[in-house]
Amino acid sequence: MNSTEVAIIKSSSPSEAITDGIESLGGISGFVEKGDQVFVKINLRTPGGFPVNINFDTIKTIINLCKEVEAKKIFVGSYPLSRLKTDSVAKTLGIQSYIESLGAEFVFLDDQNKYPLKSVEINGKTIEFPKVILESDKLILLNQISVDPLFKCTISLLNTYSLVSNQFQKIKKNVRSGKDYLHLDQYKQDLITNILDVFSVKKPSLVINDLFYFLEGAGPFIYKDSNLKRTNLIVVGNDAVAVDLITLRLFEIDLLSSDILLEARNRTLGITDISNIKLIGENLGDIRLNVDFCVSKLEDINIKNTYVKSGRTCSGCFKEAYHLLNLMKTHMTKDLKYIVNQSFLIGEKPPKPESLENIILFGDCAIESTENREFRKIIITNSKDYLETAKKKLKKDFKAQDKTTIKEKINKKIVELPGCPPSRFDCLNTLISYYGKSQVPNLFFFNNLIKTYYNQETDKKTK
Amino acid sequence: MINHKFKENWLKILKFNSKVNIIEDPKELKETVRIPLTPNEVNPFLLYRLFELLYPKFINDQQNILDIVISDFELDNIVFGLYLYETTKPGIHARIKGLPKESIEIKQDELRNRDVLFNRIQSVIQKDHGIKISCIRLLKKRSIDLMNSHCDRLSKSTYYEFIQSLLDIIQILLEQELIFIYPEPNILRFLKSSVSLLKGIQFSKVFEFIESVTPSFNALFVINSNNLPILLKIKKENTKSSHPEIELNLNLLESEKYNFKEQNLLPDLKGLQVDYKTDKVISIDQYSLLIFLSELFEMEVPPSKEKVKLIFQKLLYGIRSYDLYWNMVPRPIISNTLVRFLIRLFGVNLNLKKLSHWAIPDFIFGLIDTHIGLNANILIVLTERSNETPNSNNLMLVRIENGSINKLEYINDKNFLSNVDQESLESIRLSVSEKFGFITTIFKVDKLLIKTILNAFLINFHKTSLFSILKVVKLLKKPQYFQIYPEIPPYTLIKNRRSFSLLKDVLSIVIDKHEF
């Protein structure tokens, strides 16, 4: 396919925008046929509210459109965030009954008895893909656009990644000989390769980038610095790469600034030449969306009483640290006042901390590269005992007079958060045991809260 | 045009205001006047001082006002009446002068461009009467009719009915824009936008609901200041009849009698309690209260999340400032050092003066944003277990956009729920979602829980103790009194944790750790 159509639609409601968008591309019958089995891939990240997950009114619109053309079966689903069960997310959102009331089926992808996996070979890798998706005639991506710390925006290509389980999403640190893992940002390269591998297994027939409400500032989860901006826009098409390209263009991000789209072009996974994309609806040149993207440096996350310093960091650690720092800023208001002073060091060879108290070393790089640094030890100088010195002076015992003892001790006010990257939720446990419950009451409460839905690994060794 | 009793009373007020400066001790005058639109008779000097205090602060702080009564319909000249008040002091209406209605001509279209209209009227009045007006108040004829019918009912209605009638009138005046003031004061803008936030929710129904969940009480409020200490007595007595007996009295505080001096802002509250035969006396610093109110009225409606957080923070700061900005008799149990010491032995820190006003809003909003979302439709189902009438639950829809309330909607027509199992929140959610858009969360709250909360934290605040708080926590866990569907993690935590340890954890967040 050398050309494609992409619609940019502005409307007064998200559902109306989707209907108009699909209509402008020839109607739903151009994407779904009678008797088709359709899988609608949504965002289902955590048991949180909109826009962490998809807008539920838009799912209704899509299901109704599919029903209009008499689709045989409509499935809706996604894998949630790592170590979360679809069941707990679905229960918290009450999504199953809602989807069923609309005449579709909500799929618990992690229930392998009901929805078995099938091995798919791609680029020499074996990916376990849910059979229900592979066997569906059509795949529809309904994607909520928000800011993202690594890719600027949560474009639809990223959404496809949660078509496979977290086990296959995990990027293992694979240092190639003679190559600098950090300098080349191998983590991000591996991540992009994996995402595009998953994407190429089953290409979507219809892609909807919903940016009607756009989460700016901090995201894609809701943090203190998050702000929901109404743009009234959605972008629709059948080529995910082209739809993402146009979506990014709305934010004035071009192809060359997007690593993932560049790689998609190299692998010819979609149309990246804008002259081959026929635009329908709003004029691309007329829209300039001014939004606040995520910070590009962790130091820019302004947290009370916290001094953040980074060394050379991989994207994996950057992303996890970004989320951890934002969690701290959002859910530790009181704790940060009690802590008074803490230094957060991340990456290889980070600058020295502001003080010798409460030093958080985030990630293996920071821990290993600072093993012999000065702040690991504290020097204790025995203060002079003036009374004793005076007594000895009187006794004329000059030898003993100026004896000042200097001792070197291990600095115990350091908390290490190992891993590459460390899991942000595991870090919370470590921070609680370091600071103590009374020092971090907010964090203690928040940790108990996430325990209600998050499976915490207990075997992780943290100091 | 205006009700004769209202007019008579208003002229009496004006007469008193005009002679205040020549009376030796106006406070001692035995005559009384009614507060306009209410059945309350008060000392005219108190009303004078109230106008002097509140009018410049909330309405207009400049002199001379022109009242214009206008038609509701399109006419060549919509002016029905012109009344000029020459005010020597801002807010003090002392002299009224009726002007010929032909002296100013206004068309309906001109009401859209009020600054131009004001400037024109101002120059006409200045030219004809040599007075520079600072404010115009435009009253549509229908507003006068509404006020007249309200005044007619006053003598026949109970206090409860009077409040309902007044609230209804205020709502109609604001909704239908029957009153304009130029320059528009913040309070009017605030009220107008608050009314437009409510869809189908009547002020009088809100009052009816609040009344139904409030137990009987008898309280005296001392709105305290050096300048104008005011006493406000509110008594509510639930009776066997459908409506309670409500009593509301406004008086000036006798400074000498109750040891009230400039240096002592805390008068003899116990003496007041005995003399006014009330259960409790609450003294509030007037200056702080007025500052809080003026900041509240300055707020845009719907307010941004940050603004709500700030106002909430200020309110909490006011609550924690016990002995500084407010005081009460009988003293709250939780302010007793010995009681605090004893419960501290059990690891519970309960200290009113250490309420974390700076951390609580962030904590609450963080939980709401994370678990409910920045855009959400919340359905509140108000139940009454004692009422077995089918479909009697009250349903209210709260629409949230970017973390702040965007619309409050009362669901009047509940017929679509007639075939739905009222006990199943899941079925209710699906039916309401069908009609009103996706319902993110349902909060089912029973009246008894609201009553218990009001009783524990407001009406009987002086009795608030660890046990009364635990009682509320226990009720929150019982599905017949409180339910959230789908169950969000904070509620799962509340349900799964033991009440006492949950309370300890929450108190460590809402109360500051350090004593000094």
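Modeller: What follows goes through some local features of chain B.

Biologist: What are the ground rules?

Modeller: This is a predicted model, where local features need pLDDT of at least 70, side-chain atom pairs count only at pLDDT 80 or more, and totals for chains, interfaces and linings use all residues. Residues are numbered from 1 along each chain as its sequence is written, chains are lettered from A and ligands numbered from 1 in the order in which they are written, and side-chain values use heavy atoms, with hydrogens and water left out.

Biologist: Where are the cis peptide bonds at P302(B) and P330(B)?

Modeller: P302(B) is in the loop between α9 (286–298) and α10 (305–320) of chain B, and its cis bond to V301(B) has an omega of about -5 degrees. Helices here are DSSP runs of H or I with at least four residues, strands are runs of E with at least two, and both are numbered from the N terminus. P330(B) sits in the loop between β13 (326–329) and α11 (337–344) of chain B; the cis bond from V329(B) has omega near 0 degrees.

Biologist: Is D323(B) buried or partly exposed?

Modeller: Partly exposed, because its relative accessible area is 31%. The cut-offs are under 20% for buried, over 50% for exposed and partly exposed in between, with a 1.4 Å probe and protein chains only.

Biologist: What about N402(B)?

Modeller: N402(B) also has a positive phi, near 50 degrees. It lies in the loop between β15 (394–401) and β16 (404–410) of chain B. With a relative accessible area of 22%, N402(B) counts as partly exposed.

Biologist: Switching to helices: how far does α13 of chain B reach?

Modeller: Its 12 residues, 425–436, span 15 Å from first C-alpha to last, close to the expected 16 Å. That expectation is 1.5 Å times one less than the number of residues.

Biologist: Which residues of α13(B) are buried?

Modeller: L425(B), I428(B), R429(B), S431(B), V432(B), S433(B) and F436(B).

Biologist: What follows that helix?

Modeller: G437(B) comes after α13(B), with a positive phi near 90 degrees.

Biologist: Last one: where is E24(B), and is it buried or exposed?

Modeller: E24(B) is in the loop between α1 (4–19) and β1 (33–34) of chain B. It counts as exposed because its relative accessibility is 82%.
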